[in-house]
Amino acid sequence: MNIHEYQAKALLKHYGMNVPLGVVVHSPGEARDAAKTLPGSVFVVKAQIHAGGRGAGHFLGESSGGGVRLVKTPEEAKAAAYDMLDRTLVTRQTGPAGRVVRRLYVEAGCAIERELYLSLLIDRVARRITVVASDAGGMSIENVAEKTPERIYKVPIDPALGLSDYQSRDIAVKIGLKGQLIREFAQVMRAAYTAFTTLDAALVEINPLVVTKEGTLLALDAKMGFDDNGLFRHKEIEELRDPNEEDPREREAARFGLSYVGLEGTIGCMVNGAGLAMATMDIIHSEGESPANFLDVGGGASRERVGAAFRILLGDPSVEGVLVNIFGGIMRCDIIAEAVISACREVGLKTPLVVRLAGTKVEEGLKMIEESGLDAIVAEDLGDAARKIVAAVRSRRVA
Ligand code: GDP
Ligand code: MN
């Protein structure tokens with residue numbers, strides 16, 4: 001799960017990170033009033049979406065603008081807010097469809113001496129939380145990684161020893177910090193690492209971490225992501241969820257306690273058991289097509305959950321065909337059949353459907369499907385099911 005910049009900054013501040021003063025707002029008037037409460041004579045109005053590259057982004061149908069605006073007066077903050085709210089911001093991380101800006105963060109501006117990059121993430125190969133730092137921070141870290149990878153430093157952290165100050169000082173020197181700033185950087189690292197480990201984060205990214213003209217370190221931008229499997233331990237993080245920023249298919253699935261991951265392919269899969277789901281995805285691939293999702297309805301799924309799962313598949317415009325592959329153990333095939341039939345009646349089946357049932361009450365289940373008049377293709381086994389759905393989808397494409 002990801003959160004907004006202003007939320008990440010509040011969390012990091014709590015763990016000792018130096019961040020600018022700011023106020024989250026939802027209207028132009030609020031933006032003006034927020035600027036009035038902030039110190040200094042420069043303010044920054046920032047679009048809050050779960051994607052980076054806002055500064056270099058543009059609003060849909062416009063070439064200039066961007067999602068980060070420097071302004072000099074509260075009235076200008078109001079005008080900038082008017083310009084950004086309820087509009088679609090496109091950045092290199094949003095894809096061409098962009099994201100609608102619903103909240104803004106108004107911050108006290110600062111004078112920048114240097115822009116650095118700092119992130120903590122999990123390196124799955126090293127099996128360590130890894131610090132990534134660079135002296136080339138700012139808006140184009142992707143270009144730095146591509147063109148001058150030698151300017152990026154990676155330091156793995158031993159989980160038993162934790163982060164040591166000598167590692168932080170070493171990184172500080174590598175990215176060109178001197179004197180008092182080295183000590184300040186160690187403080188920034190402690191804050192980031194403590195937040196990361198305490199909150200079961202998957203990512204903490206500060207880009208840019210700036211050296212101000214006054215000679216202090218300040219986190220000007222912040223991004224945090226969390227391990228979904230750790231969220232049950234952090235109700236305060238769960239509360240930061242913004243449903244507007246999430247895949248509607250995944251949101252609906254989560255509501256019914258389904259394990260669902262949206263993918264890029266065209267064959268919707270409804271399967272019980274993660275292992276069977278993986279096998280089903282593999283066999284679709286080996287038949288030359290790709291799954292539209294991973295979906296495990298679970299061992300003892302209710303009629304309601306199976307119905308919800310099926311509605312998600314049928315409502316997904318990228319799904320060209322549906323494959324139901326259920327092994328009835330605890331789950332009964334007649335319950336699956338009933339849920340599939342009623343979901344199809346409710347939503348309307350517009351794509352080919354292949355059903356492969358095996359196990360408890362399989363005869364009853366198949367008979368129900370047959371008698372329902374539903375336009376479903378019944379398959380014998382997993383290989384047969386994959387071949388049949390792929391053939392059905394392809395012949396429809398040709399037609
Ligand atoms: P991103 O483009 O989504 O990563 O948004 P950032 O928060 O990183 O802002 C983009 C850029 O705006 C930063 O790299 C800075 O160069 C600039 N910026 C942000 N806040 C300030 C500020 O207070 N003062 C100045 N001078 N520039 C700022
Ligand atoms: Mn940034």
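Here is a short tour, one selection at a time.

This is a predicted model, in which local features need pLDDT of at least 70 and side-chain atom pairs count only at pLDDT 80 or more, while totals for chains, interfaces and linings use all residues. Residues are numbered from 1 along each chain as its sequence is written, chains are lettered from A and ligands numbered from 1 in written order, and side-chain values use heavy atoms, without hydrogens or water.

**The layout.** Colour domain 1 (21-108), domain 2 (112-238) and domain 3 (247-398); these bounds come from an automatic or database domain assignment. The centres of domain 2 and domain 3, taken over C-alpha atoms, are 43 Å apart.

**The ligand.** Now select ligand 1 and the 18 residues around it, meaning those with a heavy atom within 4 Å. Domain 1 and domain 2 each supply at least three residues of this shell. Next, show the polar contacts (N or O pairs within 3.5 Å). A polar side-chain atom of Lys 46 sits 2.5 Å from a ligand 1 oxygen, and a side-chain N or O atom of Glu 115 is 2.6 Å from an oxygen of ligand 1. How much of ligand 1 does the protein bury? It buries 87% of the 560 Å² that ligand 1 exposes when taken alone (Shrake-Rupley, 1.4 Å probe).

Finish at helix 6, residues 180-198, a DSSP run of H or I with at least four residues, numbered from the N terminus.

Key:
Helix = DSSP H or I, 4+ residues; strand = E, 2+ residues; numbered from the N terminus. Expected span 1.5 Å × (residues − 1). Polar contact = N/O pair within 3.5 Å; in protein donor to acceptor, adjacent residues only side chain to side chain.
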